Amino acid sequence: MSKHTPAPWFLKKWETETYKGCEIMGFPDITICSLSNLNWEANAKLIAAAPELLEALEAMKDYCKYHKISLGSGIVQKVDEAIKKATL
């Protein structure tokens with residue numbers, strides 16, 4: 001298990017006269033990161049969902065292993081690579 005800030009993560013939007021952006025926040029008031037680039041809102045939503053996405057991939061992998069379900073080597077490889085990327 002990786003040692004990231006536990007879920008849930010949420011968006012805290014901000015705006016100045018010249019910029020719009022947001023911070024990705026963890027509980028209780030921990031700033032994960034701050035974004036203000038061209039695609040900040042779409043990127044922020046993806047980043048905020050990261051803990052739940054990782055948990056879902058790990059659960060899917062465990063479920064398939066327990067029930068001996070084969071998803072095909074390409075899918076398994078993508079799942080393994082995503083989990084590895086998130087936890088190394």
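**Entry 1. Salt bridges**

I began with Asp-80, which forms a salt bridge with Lys-61, the closest N and O atoms being 2.6 Å apart. I noted that this pair links distant parts of the chain, with Asp-80 in helix H2 and Lys-61 in helix H1, 19 residues apart. The model I am reading is a predicted one.

I then looked up the exposure of both partners. Asp-80 has a relative accessible area of 29% and is partly exposed. Lys-61 is also listed as partly exposed, at 39% relative accessibility.

How many salt bridges does the count come to? I recorded 2 salt bridges. Glu-41 forms one with Lys-13, and the closest N and O atoms are 2.6 Å apart. Glu-41 lies in helix H1 and Lys-13 in strand E1, so this pair ties together parts that are 28 residues apart in sequence. Glu-41 counts as partly exposed at 30% relative accessibility. Lys-13, at 53% relative accessibility, counts as exposed, because the cut-off for that class is over 50%.

**Entry 2. Strands**

I next traced the strand pairing. Strand E1 covers residues 9-15 and runs antiparallel to E2, with 7 bridges joining the two. A hairpin of 4 residues connects E1 to E2. Within this pairing I found Glu-15 opposite Lys-20 in E2.

On the other pairing of E2, 5 bridges join E2 to strand E3, residues 30-35, and these two strands also run antiparallel. Here the hairpin passes through 3 residues. I checked two bridge partners in E3: Thr-31 is the partner of Met-25, and Ile-30 is the partner of Gly-26.

Why is E2 described as largely enclosed by the rest of the structure? I found that 5 of its 7 residues are buried, so the strand is largely enclosed.

**Entry 3. Nonpolar core**

I looked up which residues make the largest nonpolar core. It has 7 residues: Trp-9, Cys-22, Ile-24, Leu-35, Trp-40, Ala-44 and Ala-48. H1 gives the largest share, 3 residues. As background, nonpolar side chains in soluble globular proteins tend to be buried together.

Leu-35 is found in strand E3. Leu-35 counts as buried, since its relative accessibility is 14% and the limit for that class is under 20%. Leaving out residues up to four places away in sequence, Leu-35 touches Trp-14, Gly-21, Cys-22, Trp-40, Asn-43, Ala-44 and Ile-47.

Setting aside its neighbours within four places in sequence, I found Trp-40 in contact with Lys-13, Lys-20, Gly-21, Cys-22 and Leu-35. Lys-13 in this list is the residue that forms the salt bridge with Glu-41.

**Entry 4. Nonpolar surface patch**

Met-60, Tyr-63, Ile-69, Leu-71, Ile-75 and Val-76 make a nonpolar surface patch of about 490 Å². H1 and helix H2 (73-87) are the elements that give two or more residues to this patch.

Is Tyr-63 buried, partly exposed or exposed? I recorded a relative accessible area of 48%, so Tyr-63 is partly exposed. Its place is in helix H1.

Leu-35 belongs to the core, whereas Ile-75 belongs to the patch.

**Entry 5. Backbone details**

Where are the cis peptide bonds? I found one joining Ala-7 and Pro-8, with omega about 0°. Pro-8 has its place in the segment before E1. Another joins Phe-27 and Pro-28, with omega about 5°. Pro-28 has its place in the loop between E2 and E3.

I also checked phi at Lys-68. The angle is near 55°, a positive value in a residue other than glycine. Lys-68 is found in the loop between H1 and H2. At 75% relative accessibility, Lys-68 counts as exposed.

Terms used:
Residues numbered from 1 in each chain as written. Predicted model: local features only at pLDDT ≥ 70, side-chain atom pairs only at ≥ 80, totals over all residues. Heavy atoms only, no water. Core = buried A, V, L, I, M, F, W, Y, C linked by side-chain atoms within 4.5 Å. Buried < 20%, exposed > 50% of the residue type's maximum accessible area, 1.4 Å probe, protein only. Contact = heavy atoms within 4.5 Å. Pairing = 2+ DSSP bridges. Patch = residues over 30% accessible without salt bridge, like charges linked within 9 Å, V, L, I, M, F, W, Y side chains within 5 Å. Areas by Shrake-Rupley, 256 points an atom, 1.4 Å probe, with all protein chains shown as cover. Salt bridge = Lys/Arg side-chain N within 4 Å of Asp/Glu carboxyl O.
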